[in-house]
Amino acid sequence: MRFQIEKKYIRIGLIAFFVIAASICFYYLIFHGDRFSNQIGALFKVVSPVLYGIIISYLLTPLINNIETYLLSPVFLRNERKNNENVHKYMRCISIILTLIIVGIFIYGFFSILIPNIVTSVRNISIQFPNYINNLTIWSAKFLADNPDIETIVIRFLDTYSEEFYGYLNNSIVPQMETILRQVSLSMISLLKMLWNFVIGFVISIYVMYSKENFAGQAKKIVYSLLRRQAANQLIKDVRFASDTFIGFISGKIIDSFIIGCICFVGTSILQMPYALLISVIVGVTNVIPFFGPYLGAIPSAVLILMVNPVKCIYFILFILVLQQVDGNLIGPKILGESTGLSGFWVIFSITVFGGIMGVPGMIIGVPFFAVLYAFFRRHANRMLEKRGLPTETEKYLNVDYIEESNILIPRNVEQKSKKFFRIGRKKKKDDTQNEEVGEQNKL
């Protein structure tokens, strides 16, 4: 007699195994989180070149697709050669080479213009720094002389915290100088290692870009082999939606930040601000971070202008406020469109949470990542509501009091509830007066 195992018992066994394994992992994560994070960090160091290669190829894929579609296809893909594999290979090689040339020229041109000006600006700042401090001191003394109340507050503040700062400088900073230098040297070594991993990742990205359709086909093949057809189709659709959201937001934000940096350079040049190029680079780079980025870039720029000319610092702050309003209401929506579909609250929430977990990279990718999660939960909730025969529009639930068995939404009657509230209040007052009368009779 041949022994056979029913499929349901295999399924139950697999479910039990995964539940036990997940419980063990959860216990290890809660009570041994430091060891878990160290192992994750070590694993990330090993696979970081591959991750860099995947990220680079992912960011350059839209440019490759546009070159192949609009530039190479009209030339190579004629009617008699559409199915020729060699033609597609030649097109892919040429598109990768053109993409690398375009990106290389852009990076070289950007830094060849930027770095000399930044070096010159930093050198001038270091040379003129004593004069800036002197000018700031004279201006602040004159300002405080005209405002004695503010002068009293500033002097009191300096008297309170100057001794604490002096003690902290002598007791903490100076004895730790050797440790600080050691950490700086280790940071330089880590930076060199990261650059080396980036070079390896750049080489890996070429292979990924060349065979990206093959990798996508293999992934779909695995998905269809493991899941049912409907679930596999939904998963592929979700991955495509996540990819479109990420690439649309990141590429749009980079273009938006470049435009803001150019407008900032033109505006600061017209206003004759000091170090216009350096300030524009700071504003443009920090603008990649949603919501908080413009203010993070404006603070050091305003301090830099304040040391040179305090009056122009006020003009710069007003200019930045106007520029960010134009970006938030005009330029940003035109470029990004509805790429995230998140309200202002969820944008701030995602930046705060992911920024606290991952730092600056989390602040950049937090918005599109949370937008994907938000879209998934919204679609699942809408699907469950449709199964129960309920509407999916949020506006229909704003004033709902309850839902009847026939799936009819009963709105809340504000006037009736307010009357009921006041009636209960009057009844309570009558009861209180009766209790007071009974208490007085008992006293008598």
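**Close-up views of a predicted model**

**View 1. A salt bridge between E68 and R92.** E68 forms a salt bridge with R92, and the closest N and O atoms of the two are 2.5 Å apart. This pair links distant parts of the chain, with E68 in helix 2 (residues 33–76) and R92 in helix 3, 24 residues apart. Both E68 and R92 are buried. The model shown here, as in every view, is predicted. For R92, the relative accessibility is 7%, which is under the 20% limit, so R92 counts as buried.

View 2. Is K212 buried or exposed? K212 has a relative accessible area of 17% and is therefore buried. E213 has a relative accessible area of 44%, so E213 is partly exposed. Together, E68, R92, K212 and E213 are linked in a network of salt bridges. Side chains of opposite charge can pair when their charged atoms come close. A search of the whole structure finds five salt bridges.

View 3. Helix 8 spans residues 276–286. Eight of its eleven residues are buried, so helix 8 is largely enclosed by the rest of the structure. The buried residues are A276, L278, I279, S280, V281, V283, G284 and T286. One of them, V283, touches I260, C264, G297, S301, F316, I320 and Q324, when residues up to four places away in sequence are not counted.

**View 4. The largest nonpolar core.** This core has 19 residues, of which V283, L304, F316 and I320 touch the most other members. Helix 7 (229–270), helix 8, helix 9 and helix 10 are the elements that give two or more residues to this core. Which helix gives the most to this core? Helix 10 does, with six residues.

View 5. N287 is found in the loop between helix 8 and helix 9. The relative accessible area of N287 is 0%, so this residue is buried. Which side chains make polar contacts with the side chain of N287? One is the side chain of D256, at 3.2 Å. Another is the side chain of S257, at 3.4 Å. Leaving aside neighbours within four places in sequence, the residues in contact with N287 are K253, D256, S257, I260, G293, P294, Q324 and D327.

**View 6. A nonpolar patch on the surface.** The patch is formed by W139, F143, I150, Y295, V311, I314, Y315, I317, L318 and L321, which together have about 940 Å² of accessible area. Helix 3 (85–146) and helix 10 (310–336) each supply at least two residues of this patch. Six residues, the largest share, come from helix 10. Y295 lies in helix 9 (residues 293–308). With a relative accessible area of 44%, Y295 is partly exposed, because this value falls between the limits of 20% and 50%.

**View 7. The whole protein chain, for orientation.** The secondary structure of the protein chain comes to 13 helices and two strands. Of the 444 residues in the protein chain, 22% are buried. The protein chain exposes about 32500 Å², and carbon and sulfur atoms supply 67% of this area. Among contacts between residues at least 6 apart in sequence, 60% join residues at least 24 apart.

Conventions. Residues numbered from 1 in each chain as written. Predicted model: local features only at pLDDT ≥ 70, side-chain atom pairs only at ≥ 80, totals over all residues. Heavy atoms only, no water. Patch = residues over 30% accessible without salt bridge, like charges linked within 9 Å, V, L, I, M, F, W, Y side chains within 5 Å. Areas by Shrake-Rupley, 256 points an atom, 1.4 Å probe, with all protein chains shown as cover. Salt bridge = Lys/Arg side-chain N within 4 Å of Asp/Glu carboxyl O. Helix = DSSP H or I, 4+ residues; strand = E, 2+ residues; numbered from the N terminus. Buried < 20%, exposed > 50% of the residue type's maximum accessible area, 1.4 Å probe, protein only. Polar contact = N/O pair within 3.5 Å; in protein donor to acceptor, adjacent residues only side chain to side chain. Contact = heavy atoms within 4.5 Å. Core = buried A, V, L, I, M, F, W, Y, C linked by side-chain atoms within 4.5 Å.
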